[in-house]
Amino acid sequence: MVQKVSPRAQAIAAQLKAEIAAATNAEYDSIPKVAKALDLEYTTFYRRVNGKLPLQLDLVFEVLDLLGVNERQFWEHAID
């Protein structure tokens with residue numbers, strides 16, 4: 001079954017992916033590293049961050065907390 005992901009959700013996923021790539025802590029500067037740190041299955045997490053699967057808000061907040069990213073700035077950049 002193909003799950004549709006809205007353009008807005010894809011933009012949020014793209015911003016999350018950018019935040020991971022820009023992480024100042026080398027321990028969390030890649031999708032595999034973040035998936036491992038949060039004890040997530042890599043392939044599913046990869047597909048969510050790349051906008052192929054819906055991205056749950058709880059997961060967005062977990063990643064932002066892990067990376068130390070300001071939530072307000074994240075949403076401003078994601079929706080801009």
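Modeller: Start with one cut-off: a residue is called buried when its relative accessible area is under 20%, and exposed when that area is over 50%. Keep in mind that this is a predicted model.

The helix to look at is α4. It spans residues 57-67. Its buried residues are L59, V60, V63, L64 and L67. They span an arc of only 135° around the axis, so they sit on the same side of α4. Turn to the other side of α4. There L57, D58 and D65 are exposed.

What do the buried residues of α4 pack against? Four helices: α1 (7-21), α2 (31-37), α3 (42-49) and α5 (71-79). After α4 comes G68. The phi of G68 is positive, near 75°.

Now take α5, one of those partners. The axes of α4 and α5 lie 11 Å apart, and the two helices pack at an angle of about 120°. α4 and α5 are therefore oblique to each other. The crossing of α4 past α5 is right-handed. From α4, the contact draws on L57, V60, F61, L64 and D65. From α5, E71, F74 and W75 meet them. By type, the residues of this contact between α4 and α5 divide into six nonpolar, two charged and no polar.

Look at F74 on the α5 side. Its relative accessibility is 0%, so F74 counts as buried. Set aside its neighbours within four places in sequence. F74 is then in contact with V60 and L64, and also with I12, Q15, L16, E19 and V69. One of these, L16, is 58 residues away from F74 along the chain. Yet the C-alpha atoms of F74 and L16 are separated by 8.0 Å.

Next comes α3, another partner of α4. In α3, F45, R48 and V49 are buried. Their arc around the axis is only 95°, which puts these three on the same side of α3. The buried residues of α3 pack against α1, α2 and α4.

Sorted by type, the residues of the contact of α1 with α3 are six nonpolar, two charged and no polar. The axes of α1 and α3 come within 8 Å and cross at roughly 115°.

L40 itself has 29% relative accessibility, so L40 counts as partly exposed. I12 lies 28 residues from L40 along the chain, and their C-alpha atoms are separated by 19 Å.

D39 is in the loop between α2 and α3 too. At 72% relative accessibility, D39 counts as exposed. Check its backbone as well. Most residues other than glycine have a negative phi. D39 is not a glycine, although its phi is positive, about 55°.

Note on methods. Residues numbered from 1 in each chain as written. Predicted model: local features only at pLDDT ≥ 70, side-chain atom pairs only at ≥ 80, totals over all residues. Heavy atoms only, no water. Buried < 20%, exposed > 50% of the residue type's maximum accessible area, 1.4 Å probe, protein only. Arc of directions from axis to C-beta. Contact = heavy atoms within 4.5 Å. Axes fitted to C-alpha atoms, helices over the stretch in contact; angles between N-to-C directions. Parallel < 35°, antiparallel > 145°, perpendicular 65-115°, else oblique. Left-handed = near helix turned anticlockwise from the far one by under 90°. Nonpolar A, V, L, I, M, F, W, Y, C, P; charged D, E, K, R; others polar.
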